[in-house]
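Subject: Structure for your files

Dear colleague,

Here is the structure I said I would pass on. Please look it over before reading my notes.

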Amino acid sequence: MEIIKTILPPENLKPLFKDASQLLFGQQFTDYMFTLTYNQEKGWHRPEIKPYGSLVMDPAALVFHYSQEVFEGQKAYKSPEGDILMFRPLENAKRLNRSLERMCMPTIPEVDILHYECELLKIEKRWIPDQKGTALYMRPTVIATEAILGVRPSSEFLFFIILSPSGPYFPEGFNPVGLWVSREISRAAEGGTGEVKAGGNYGGSLAAIKTAMEKGYSQVLWLDAKEHRYVEEVGAMNIFFVIEDKLVTPPLTGTILPGITRKSILDISPDLGITTEEKMITIEELCQGISDGRVTEMFGAGTAAVVSPIGKLNVDDREYTLNDNQTGPWSNKIYQELTAIQYGEKPDTYNWVYRIT
Ligand code: PLP
Ligand code: COI
């Protein structure tokens, strides 16, 4: 399908950010957005790149009432040669389709998603910051637009992609953050939508995030919803522990988002010299391990958060400190390796980098 493009005269473009090193996460948006419409008669149709702007929607649209919405989070980087790089974009497209299926929404061919992303990126290249630690964050999103109040799947949808030049997700940058463990509120339950990227997962987690922030922590460390014991993941990232020189992460049991960063870290770590294990771990074991020195590092991993070292953990109002609240050696090594691949600073031996020349 031919993309309909509405291109602005240069004088109508937004001023670019002044200093990439000052960029925060998701606060500024580029000049254009991509949209694609779905109805039952035509299926997905009318791909369009047009000036970034508000959506006009019926207030009865299903997304506003029953949260039939899914999204993705990925990044475009600028290589040292000035090419646009994307990291494993087909993995994001596949996950978007898994999310769409779970939420009764029509899937989009993965090659089409990638094509639309590339076309938008080519037009928006000037917005890709080139400093290490910054990138053009991409937010592909699908919403239910049919105006009807019955609780049933929508028959009309909108897919859009917006772009945001971004710096680190946490204001701490690549420095340790603190987590608070939620004992009562759960993020995801068995049979729910925790393993897909449905917006509703995040809405339901805000109450615990608010508490964590009030207590001075950056995010919540979620436990399983059944026994409230097993560590699952963090609000916007998967979790890793270094336990007696082994890299441990909880297995994907159906309530954890299968992170692309997580999967990549599990692949590169053995090559960096650390063995990995996917293992359930209780919060009690974790606290005991930190206290007796067997758990030496903890970090979160995700597209927005990249590798975020965790320096403090609050469990039942007791604070545990990891590695003197400093970035640990494995967190650092894994961060350096992953970002060197993502920014095209070293050969892409895993074949993960999609280059738009
Ligand atoms: N877990 C949750 C709940 C997330 O929102 C994210 C972010 O996308 C992740 C994990 C990490 O996933 P990825 O590495 O694919 O960005
Ligand atoms: C990402 O890492 O891309 C995410 O989607 C996390 C987000 C909820 C901020």
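This is a predicted model: local features need pLDDT of at least 70, side-chain atom pairs count only at pLDDT 80 or more; totals for chains, interfaces and linings use all residues.

Overall

The protein has eight helices and 18 strands. Its radius of gyration is 21 Å, close to the 21 Å that the globule rule gives for 357 residues, so the protein is as compact as a globular protein of that length. The C-alpha trace spans about 60 × 50 × 35 Å along its principal axes. Buried residues make up 54% of the 357. Of the contacts with a separation of 6 or more, 72% are between residues 24 or more positions apart.

Helix pairs

Two helix pairs are described here.

Helix H2 covers residues 89–102 and helix H3 residues 110–123; their axes come within 9 Å and cross at roughly 125 degrees. An angle of 65 to 115 degrees would count as roughly perpendicular, and H2 and H3 are therefore oblique to each other. Their crossing is right-handed. On the H2 side the contact is made by Pro89, Leu90, Ala93, Lys94, Leu96 and Asn97, and on the H3 side by Glu110, Ile113, Leu114 and Glu117. Sorted by class, the residues of this contact are six nonpolar, one polar and three charged.

The other pair is helix H6 (residues 260–272) with helix H8 (residues 329–342), whose axes come within 10 Å and cross at roughly 110 degrees. That angle makes H6 roughly perpendicular to H8. H6 contributes Thr261, Ser264, Ile265, Ile268, Ser269 and Leu272, which meet Trp330, Lys333, Ile334, Glu337, Leu338 and Ile341 of H8. The contact of H6 with H8 comprises seven nonpolar, three polar and two charged residues.

Positive phi

Most residues other than glycine have a negative phi. Two residues to check against that are Arg88 and Asp317.

Arg88 has a phi near 50 degrees, a positive value in a residue other than glycine. Arg88 sits in the loop between strand S6 (84–87) and H2. With a relative accessible area of 11%, Arg88 is buried, since buried means under 20%.

Asp317 is not a glycine either, and its phi is positive at about 70 degrees. The loop that holds Asp317 runs between strand S16 (306–315) and strand S17 (318–321). Asp317 has a relative accessible area of 61% and is exposed, the cut-off for exposed being over 50%.

Contacts across the sequence

Gly302 belongs to strand S15 (residues 295–302). Its relative accessibility is 9%, so Gly302 counts as buried. Gly302 and Ala236 are 66 residues apart in sequence, and their C-alpha atoms are 6.8 Å apart. Not counting residues up to four places away in sequence, Gly302 touches Ala236, Met237 and Thr261. Thr261 is also one of the H6 residues in the contact with H8.

Which residues does Thr275 contact, leaving aside its neighbours within four places in sequence? They are Asp245, Lys246 and Leu247. Thr275 lies in strand S14 (residues 275–278). Between Thr275 and Lys246 there are 5.3 Å from C-alpha to C-alpha, and the two are 29 residues apart along the chain.

Regards

Methods. Residues are numbered from 1 along each chain as its sequence is written. Chains are lettered from A and ligands numbered from 1 in the order in which they are written. Side-chain values use heavy atoms; hydrogens and water are left out. Axes are lines fitted to C-alpha atoms, for helices over the stretch in contact, and angles run from 0 to 180 degrees between N-to-C directions. Helices (H or I, at least four residues) and strands (E, at least two) are DSSP runs, numbered from the N terminus. Angles under 35 degrees count as roughly parallel, over 145 as roughly antiparallel, 65 to 115 as roughly perpendicular and the rest as oblique. A crossing is left-handed if the near helix is turned anticlockwise from the far one by less than a right angle, and right-handed if clockwise. Contact means heavy atoms within 4.5 Å. Ala, Val, Leu, Ile, Met, Phe, Trp, Tyr, Cys and Pro count as nonpolar, Asp, Glu, Lys and Arg as charged, and the others, Gly among them, as polar. The radius of gyration is taken over C-alpha atoms; the globule rule is 2.2 Å times the number of residues to the power 0.38. Buried means under 20% relative accessible area, exposed over 50%, partly exposed in between (1.4 Å probe, protein chains only).
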